[in-house]
Amino acid sequence: MSLRIGVDTGGTFTDLCAFDESTGQVHVRKVSSTPDDPGRAIIQGVHELLGQIGGRNIGEISYFAHGTTVGTNALLTGRGVRTGLITTKGFRDLLELGRGRRPHMYDLQADKPEPFIPRDLRMEVNERVRHDGRVEIPLDHDEVRAAVRELKAQGVESIAVCLLYSYVRPEHEREIGRIVAEEFPEAYVSLSSDVLPEFREFERLSTVVTNAYVGPVVAKYLARLRRNLADAGLRCLPHVTQSNGGIIPFPTAEELPVRLVLSGPSTGVVGAAAIMTAAGSPDIITFDMGGTSSDVSLVQNGTPKVTSSMELDGRPIRSPMLDIHTVGAGGGSIAWIDSGNHLRVGPASAGAFPGPACYGNGQEPTVTDANVVLQVLNPDYLLNGQLKIDAQASHRAIKAIADPLGLTVAEAAQGIIRVVTANMARAIRVISVQRGYDPRDYVLVPFGGAGPLHASRLATELGINRIIVPETPGAQSALGLLMTDIRSDFMRTKIIPVTPEAAAGFSQVFAELTEQATAWFTEENIEEDRRSLLCRIEMRYAGQNYELPVDVPDGVLDGESINSLIEGFQRAHDRMYGYSARNEIVEAVTFRVQAIATVPRADLRRSTVEGRKPEDAVIGYRDVFLPEKGDYVPCPVYNRSLLDVGHRIAGPAVVEQMDTTTLLLPSDVCVVDDLRNLVIEIRRSTSE
């Protein structure tokens, strides 16, 4: 058993990556996704990948990890299960009231998203716990039983439980959970004190409702996939990626599906951070462009940035996750003309089916079709011939956009590229400039099937001077699954002024969270030498309503380490908001402990110089439309697998490989490093 396999399911393709521990080789495979049942493409892809590497047996797989968008898609499409809610009397409407803010301040017609639970399925029960944990009104058990019976009669499949101040005193929620188990044992139950033991009742309510709404969908999918893999001969326990960049076993994920919202893109960031740190570039901006969307994230000193919350389709979700920003700009994003006769791109996507027009099924003009028209992409085939391309279909689709705008087909195609580049640049500014980081100080790392194709134009737009393209960018997220650890997060809200005298109180909270983490290690059978803990506190100035995360120094918490925490917070506040108020009282709000269990990883093996020359890798020439030249220009096309360490090539040029295409614009210079990354220097001063 020497094979480790990572599988990432995207909107258009399912990517598979295998690391053969016996040979040290990495193998990549892409198959079309099957949105009706993502597991079908996974099983097919695993068999094809095993056949590709010499007819290996699925029983030889010692490690299997999966990144999935099943939960995210269920949320975005409203295809969760019928869900009920039990909450404290007087709070049933909080799900709609929210924070009392309009989604768009100046849009009087903007509607808030429909709640996942209609009002008639939100039940109130008598109970009240005060902010200090004191019980003011005991839980009325008869009311709880009546509420559960009513929800059962209404045909719900899942029940969310969210009581006021349950993060301080969870006993009432646990008692409700016990009653539900007695009265309605087949229901999926989600307690806010388990899902999110933090303050802010609306965000906690929204998160636990989200967890309950998609819980059965994710649980059924993972359970079915686990059975199908076992029937196919898989003997190891499969794992799935969390939003925090770590992995957990399928059974654990089935209980907390809300932690899988960013399951797909998170491992790509983790893998890129590991590869670029080894390459000597630990400060990077990752750019993952797939068929449906682009995901961007910032990594500093080899460590991805983290956050504790996000909004998905207007609904807040609080869960530990990597700070990834997503924009609807992918290879399948559809170009269209708005009412003002302006060219727009996305967020609608052609998806896996019908897909871009050039795939032979669709008719809508997409970003991929624009690249086929410009001949940046191979106009005959992709994926080393696995996917035939209909270039004439792309021309017809883009012409439908070009004619109303009075443009040539090539001009319209280039216009689509300009628009999608601007959309992606805005996304990167959200995670960099808006958070106090200058993108010019970072290396752009593109991956995904379309990332390297657009990287040079995007880097120019942002003033970034260097791009590094990993060896297998099209399957980077799948490879990242083989480079990440098992992780779980534990948290608790307890508001304490940050003073040297508070060290004992801090230690007590962390001791309780560490105890939970240790119990989790034991449940997962993690050996002592594989365990580590990462502690963090979210802090704010007294009177503020937003917190900033600060890492806790190693060792015993004492007066000196408390002062270090305060100084770390002051620096973070100054970077985020441009000032720090050093005379103000600082409060600790939420304490977090991340339990990390290391796993064997795919090795990053350095290559040596071979005897070939760069020109030996040229497999032909293709006329590529370059706006810098205003016309189609003959460009050499390189086979990346024939490029060796130290090879230097100059743009304009195209580098093709099975899983992606890299475009070098005029004045770009590319060198292959000893990790077989393409290191591209951007040497032009004006943007296209």
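I worked from a predicted model, in which local features need pLDDT of at least 70, side-chain atom pairs count only at pLDDT 80 or more, and totals for chains, interfaces and linings use all residues. Residues are numbered from 1 along each chain as its sequence is written, and side-chain values use heavy atoms, with hydrogens and water left out.

**Entry 1: H11 and H12.** I looked up helix H11 (residues 391-405) and helix H12 (residues 409-431), which pack at an angle of about 85° with their axes 8 Å apart; helices (H or I, at least four residues) and strands (E, at least two) are DSSP runs, numbered from the N terminus. The axes are lines fitted to C-alpha atoms, for helices over the stretch in contact, and angles run from 0 to 180 degrees between N-to-C directions. H11 is therefore roughly perpendicular to H12, a term that covers 65 to 115 degrees. In contact (heavy atoms within 4.5 Å), I found His395, Ile398, Lys399, Ile401 and Ala402 of H11 meeting Val409, Ala412, Ala413 and Ile416 of H12.

**Entry 2: H15.** Helix H15 (residues 503-523) has 21 residues, and I noted that its first and last C-alpha are 30 Å apart, close to the 30 Å expected at 1.5 Å a residue; the expected span is 1.5 Å times one less than the number of residues. Which residues of H15 are buried? With buried meaning under 20% relative accessible area and exposed over 50% (1.4 Å probe, protein chains only), I listed Ala503, Phe506, Val509, Phe510, Leu513, Ala517, Trp520 and Phe521 as buried. They lie on the same side of H15, because they cover an arc of only 130° around the axis, taken from the directions from the helix axis to the C-beta atoms. On the other side of H15, Ala504, Glu515 and Glu523 are exposed. The buried residues of H15 pack against strand S25 (486-497), strand S26 (531-541), helix H16 (559-577) and strand S28 (586-597). After H15 comes Asn525, with a positive phi near 55°.

Entry 3: I placed His27 in strand S3 (residues 25-32), where His27 counts as buried at 17% relative accessibility. Beyond its neighbours within four places in sequence, His27 is in contact with Leu16, Cys17, Ala18, Leu49, Gln52 and Ile53. Gly280, in the loop between helix H9 (263-278) and strand S13 (284-289), is exposed, with a relative accessible area of 58%.

Terms used. Parallel < 35°, antiparallel > 145°, perpendicular 65-115°, else oblique.
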